[in-house]
Amino acid sequence: MTNHVDALADNVRRLREAHGLSLSQLSERSGVAKATLFKVERGRTNPTLDTLIAIAETFDVSVPTLIAAPPRADVEVLRDGEGVDISDDSSFGRVLRSQVIGAGSLEIHAQTFLDGKAETSASHGSGAREHVFVRNGSIRVGPVGQEQVLHAGDYATYPADRAHRWQAVDGDASIWIVHTFPRAAAFAE
């Protein structure tokens, strides 16, 4: 069942974005509550048949198509500059991948933290971890009060279920971050 819930989440998000719709616009067109659509796109619900039909009809697809996992190529490529932009005033970067793996999920980010800027991230939830690979430069990272300086080629991992800090040292620092998150045990609408 989880595979269908995950496929539904990916398919609804992909179809909504392909049609240039916000969640509010999809809610208006389908008659499905925005809160329900939010849960569907995050794989946090087991929607009713009526909900599935309403969403499928809005996009002119069948319910089986809506819940089917799309075939994947043996090799998936994401080119430089592709991905979801997560830039802010202290760094620029992109989410390269976000997917469910076993009993959890992961996100892969490519980010460059700017010299002279610091960022403190709030907890990502119980059990979350970050894995950091430094591509270029040096960066101070880790839970607040336990930060370590990493240099090009270094790797570190730490719990991200508490406040943690990022600060480039002596110039910009380019890194890859792999976030791992435990998955909620149950789905409810």
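Y155 is partly exposed, with a relative accessible area of 42%, where buried denotes under 20% relative accessible area, exposed over 50%, and partly exposed the range in between (1.4 Å probe, protein chains only). The model is a predicted one, in which local features need pLDDT of at least 70 and side-chain atom pairs count only at pLDDT 80 or more, while totals for chains, interfaces and linings use all residues. Residues are numbered from 1 along each chain as its sequence is written, and side-chain values use heavy atoms, with hydrogens and water left out.

Y155 is found in strand β7 (residues 155-159), helices (H or I, at least four residues) and strands (E, at least two) being DSSP runs numbered from the N terminus. Together with L78, L96, F133 and W176, Y155 makes a nonpolar surface patch of about 450 Å². Such patches are made of residues with over 30% relative accessible area and no salt bridge, nonpolar side chains (Val, Leu, Ile, Met, Phe, Trp, Tyr) being joined within 5 Å and like charges within 9 Å; a salt bridge is a side-chain nitrogen of Lys or Arg within 4 Å of a carboxyl oxygen of Asp or Glu. Accessible areas come from the Shrake-Rupley method with a 1.4 Å probe, and for residues only the protein chains shown count as cover.

The structure holds 3 aromatic pairs, rings of Phe, Tyr and Trp (its six-membered ring) being paired if their centres lie within 6.5 Å, with planes under 30 degrees apart counted as stacked, over 60 as edge-to-face and the rest as tilted. One of these, formed by F113 and W166, is stacked, at 5.0 Å centre to centre and with 5 degrees between the planes. Because F113 lies in strand β3 (residues 104-113) and W166 in strand β8 (residues 164-182), this pair ties together parts that are 53 residues apart in sequence. F113 counts as buried at 2% relative accessibility, and W166 counts as buried at 2%. The pair of F133 and Y155 is tilted, at 4.9 Å centre to centre and 40 degrees between the planes, and links distant parts of the chain, with F133 in strand β5 (residues 129-143) and Y155 in strand β7, 22 residues apart. F133 counts as partly exposed at 32% relative accessibility. F113, Y158 and W166 form one aromatic cluster.

In helix α3 (residues 34-41), the buried residues are T36, L37, V40 and E41. Seen down the axis of α3, these buried residues fall within an arc of 135 degrees, and therefore line one face of the helix, the arc being that of the directions from the helix axis to the C-beta atoms. Just after α3, G43 takes a positive phi of about 65 degrees.
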